[in-house]
Amino acid sequence: MVATVENTDVKQKDADRALIVAVTSRSVFESGADDDGDEEVYKVGTAFPLLQALQRVNERLLEENPAESLLFDVVLITTDRQQQQQSSRIISSTRHYGLEVGRFCFSSEEDFTESLLTNNVQLFLSTDAMEASQASQKGVVSAQLDQHAASCPSEQLRVLFCGDAVVRLSSSPAPASQQAPQSFSAQLGEMRQRFGLFDSPVSVVLVTSRGGRESCGTALRTLRSHGVSVDEAYCLAGAPRGPMLSLIRPHFLLSVGFSDLKE
Amino acid sequence: MSLDAVQVMSGQVKELKVPPPSNGDSRGSWEEKEEFDRDHLGLSTKPKPVTGRRARKVEGGVFFPKPENAVTVAVSSRVLFRTEREQKVFEQEGVEEYLRDQIAHEDEPFAPGPAFPFVKVKRHTDSQRHQCTDIDRVCADWLLFFDRCVLRQALETVNGRLRELYPQSEELFDIVLVTYNHAHVGIRLINTINHHNLFIERFCMTGGSSPIGYLKAWHTNLYLSADAEKVREALAEGIAAATMFMPGKQTEVSESQLRVAFDGDAVLFSDESERIFKAHGLDKFFEHERANEDTLLDHGPLKGFLEALGKLQKKFYAKGHRLDCPIRTYLVTARSAASSGIRALKTLRAWGLEIDEALFLAGAPKGPMLEKIRPHIYFDDQMFHVEGAAEVGTIAAHVPYGIAQKHNPKQKAGVGK
C-alpha cells in the first residue's frame with residue numbers, strides 16, 4: 001500500500017504549475033547494510049547535491065519573483081519494501097538536512113511506478129537503471145543518476161541533453177507518447193528563461209556524440225522547438241564522451257527527443 | 001663557423017644556409033593565374049564555396065579520428081562575425097540583447113565584415129583537391145581566415161598524403177573549435193559554417209566557462225587563438241599555444257609541403273638562457289652556454305608540438321618518403337652555430353627530436369631567413385620577431401611565454417635574441 005505524506009516543514013507548491021521531480025530515497029540517502037542501525041539520520045547519497053541544486057534554483061526563482069509558481073516540487077519516493085518500512089527515518093533525515101522535499105511517497109517495487117503517475121511526476125531520477133527503465137516504460141521521463149555526479153558537484157543545476165539517438169539511457173523501447181518529454185522540456189525551458197545568460201542557477205547543455213555539426217544543429221533546433229534554449233553545446237563527432245562528461249558534470253542526462261530515433 | 005660542430009648533430013642538418021624551397025611552384029605560373037582570377041571573379045560579397053573539399057566520410061559512415069590519436073589543432077573564436085551593427089547592439093544594449101538579435105537573424109550566415117586583415121589565397125587549376133577562393137575583402141572573424149589560410153590547407157594536404165599511405169590510421173591532423181561563445185548562437189554558427197563551407201565538424205561552445213579543460217579533453221597538441229589572454233591561460237596549463245597574427249599580405253608558400261618554423265629559446269626550449277642574456281648581456285650568455293654545453297636545456301611550450309610533427313614525419317619515412325616528406329620543420333634562432341647553437345642541437349638530439357633545418361642567425365634579423373624558407377607558420381616568443389615575420393608575409397604566432405614578456409615587446413633588441 002502506498003502512503004503519501006506531505007512534508008509539513010515545507011510550503012507546498014502549486015501542483016498545476018510546479019515541475020514535479022521524484023527522486024528515490026536510496027539515491028538521496030546512503031542506506032548502509034545495517035538499516036536498523038542506531039543512528040537516526042542517514043548519511044548523504046549520490047543525489048544529495050542534486051537536491052541542493054534544485055533548491056537553489058527555487059530560491060533564485062523566488063528572488064526574481066516572490067509569487068513564482070513555476071518551481072521544482074520534489075517528491076522523495078521509496079521503491080522497495082525495505083525502504084518503504086524506513087519511513088520515519090527517511091522523514092527525520094530529510095528534516096535534519098533541511099531538504100526542500102514537498103512530499104514523501106512510500107511505495108514498493110510493485111507500485112512505485114503507479115505512484116509516479118498518481119503524483120503527476122514529470123521527471124523521475126534514480127541511481128538504479130532498472131527503476132529508471134521501468135518508469136520510462138510507463139511514460140514518465142526518467143534518468144539514471146550518475147555515480148560521478150556526486151563526486152564533483154556543481155552548485156548550478158546542470159541538465160544534459162544527449163542529441164544522438166544512440167545515447168539512449170534505458171534499454172526499453174520509447175514510450176508511445178511524445179507528450180511527457182516535451183512538456184517537461186517546455187517547463188524546464190521556461191524556468192531557464194527566468195534567468196539571464198550569466199550567473200544562472202540552471203544550465204542546459206547539449207552533447208552530440210557521433211554525427212558532425214549537422215546532427216548538433218538538428219538537436220539544437222529540436223530542443224528549441226520544445227521550448228528549450230541551450231547554454232552549452234558540444235559536438236564530439238566521435239570523440240570519447242567520458243572526458244567531456246567529467247568536465248561538463250551534469251546532474252543528469254536526458255535524450256533530446258524520442259523522435260530522433262527515426263534518424 | 002665550423003661546419004663540423006653542426007654536423008655533430010643529426011644528419012638532417014647539413015648546412016647553415018637555407019637551400020631554396022625544394023617544392024616551390026614556379027613564380028611565372030602564379031602570376032598568370034592571379035591576373036585571370038581578378039578579372040574573372042571581381043568583387044562578390046558572397047565567397048564562393050570551396051569545392052572539392054574532402055568530406056570526412058568513409059563508406060557512408062563518418063570517420064573522425066580519436067583525439068588521442070590525432071594531432072589536434074584547436075582554434076578559438078573570440079568574436080563570431082560581429083558586424084558593425086551587431087557590435088553596436090552588443091556595446092549599447094548588452095549581451096542579452098545581442099544574443100536575441102543573433103537568434104532573430106540566425107538564418108543569415110554571419111557575414112565577413114571589417115576589422116581583420118586581408119586574406120588572399122590562390123586558385124589552383126591543376127589540383128582539384130584544394131580549390132581556393134579569392135576573398136577580396138577583409139574578414140571580421142579570423143575563423144574564416146583560418147579556414148582559408150595556407151596553414152589549414154597545408155594540414156589538409158598532409159592528411160591527404162597520410163590517408164593514401166595509411167588508410168585506416170587515425171594519426172592525422174584534426175581541427176576543433178573551442179569557443180567561449182554561448183550556444184544561443186550555435187544555430188547561427190552552424191549555418192555560417194555551412195554557408196562558407198568551413199572545415200569545422202567538432203566544436204565546444206562553453207557558454208562562458210573556461211575552455212582549458214576541454215582543450216585537454218581533446219588532447220590538444222596546439223591551440224591557436226587571436227586572443228592573447230586565452231593563449232596565456234593555455235600555456236599556464238601546459239598546452240602548446242600561440243596567438244596568431246595574420247600578415248597583411250601573405251607570401252606564397254609550398255602547396256605540397258607543410259613547413260613549420262620555431263624559434264629556439266622560450267619556444268622549443270625554456271627561457272633559462274634568455275634570462276641570462278637579459279640580465280647579464282650577450283657575452284655572459286655565450287659564456288654560460290659554452291660552460292653548459294653538455295647540460296640539456298629544459299623544454300619549452302612548443303616542444304610537444306614539434307614532437308607530434310616528428311611522429312607524423314616518421315610515418316612518411318617508414319614508407320620511403322623521407323625526401324619528399326610533406327612536413328618540414330625549421331629552427332630559426334638567434335643563437336650562433338659555433339657556440340650557443342651546440343647546446344640547442346644537443347638538447348634536441350637528447351630528446352630524440354629531429355629538426356630538418358637549423359638556422360643559426362647569430363643575432364641577424366629573422367625576416368630575410370623566413371622569406372627564404374617560407375614557413376606556413378612561425379612561432380616566436382618575442383613580438384618584435386613576430387611582427388618582423390608578418391612584415392615578410394609569414395603567418396606568425398606569438399608564444400607569450402618566459403622572460404621576454406616582461407619587457408616592452410616593441411623594444412628593438414640590437415642583437416636580438
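Visitor: How many salt bridges are counted between chain A and chain B?

Guide: Please keep in mind that this is a predicted model. As a general idea, side chains of opposite charge can pair when their charged atoms come close. Between chain A and chain B the count is one salt bridge. Its partners are Arg213(A) and Glu201(B), whose side chains meet at 3.4 Å, N to O.

Visitor: Which elements of chain A each supply at least two residues of the side that touches chain B?

Guide: They are α8 (213–225), β11 (232–235) and α9 (241–248) of chain A. The most comes from α8(A), which gives seven residues to that side.

Visitor: How much area is buried between chain A and chain B?

Guide: The size of an interface is often given as the accessible area lost when the parts come together. Here the area buried between the two chains is about 2600 Å², and carbon and sulfur atoms give 59% of it. Of the area that chain A buries against chain B, 27% is supplied by Leu197(A), Arg213(A) and Arg224(A), more than by any other three residues. The contact involves 29 residues from chain A and 32 residues from chain B.

Visitor: Let us turn to salt bridges within a chain. Which residue forms a salt bridge with Arg81(A)?

Guide: The partner is Glu110(A), and the closest N and O atoms are 2.8 Å apart. This pair links distant parts of the chain, 29 residues apart: Arg81(A) belongs to helix α3 (residues 81–84) of chain A, while Glu110(A) is in the loop between β6 and α5 (112–118) of chain A. Arg81(A) counts as partly exposed because its relative accessibility is 41%, whereas Glu110(A) is exposed, with a relative accessible area of 54%.

Visitor: Are Asp263(B) and Lys366(B) buried or exposed?

Guide: Both Asp263(B) and Lys366(B) are buried. Their side chains form a salt bridge at 3.0 Å, N to O. Asp263(B) is in the loop between β8 (258–262) and α9 (272–280) of chain B, and Lys366(B) in the loop between β10 (357–360) and α13 (367–373) of chain B, so the pair ties together parts 103 residues apart in sequence.

Visitor: Finally, what is the strand order of the open sheet in chain A?

Guide: The six strands are ordered β1-β6-β5-β2-β7-β8 (chain A), and their pairing is mixed. At the edges stand β1 (3–6) and β8 (142–144) of chain A; each has a single partner strand, so one side of each is left without a neighbour in the sheet. From one strand to the next, the twist averages 20°.

Visitor: In which sense does β6(A) pair with β1(A), and in which sense with β5(A)?

Guide: β1(A) and β6(A) pair in the antiparallel sense over four bridges, with Thr4(A) having Cys105(A) as its bridge partner. Strand β5 (residues 72–79) and strand β6 (residues 101–107) of chain A are paired in the parallel sense over six bridges; there, Val75(A) stands opposite Arg103(A). As for cover, seven of the seven residues of β6(A) are buried.

Definitions and conventions:
Residues numbered from 1 in each chain as written. Chains lettered and ligands numbered in written order. Predicted model: local features only at pLDDT ≥ 70, side-chain atom pairs only at ≥ 80, totals over all residues. Heavy atoms only, no water. Pairing = 2+ DSSP bridges. Axes fitted to C-alpha atoms, helices over the stretch in contact; angles between N-to-C directions. Buried < 20%, exposed > 50% of the residue type's maximum accessible area, 1.4 Å probe, protein only. Contact = heavy atoms within 4.5 Å. Buried area = accessible area lost by both parts, 1.4 Å probe. Salt bridge = Lys/Arg side-chain N within 4 Å of Asp/Glu carboxyl O.
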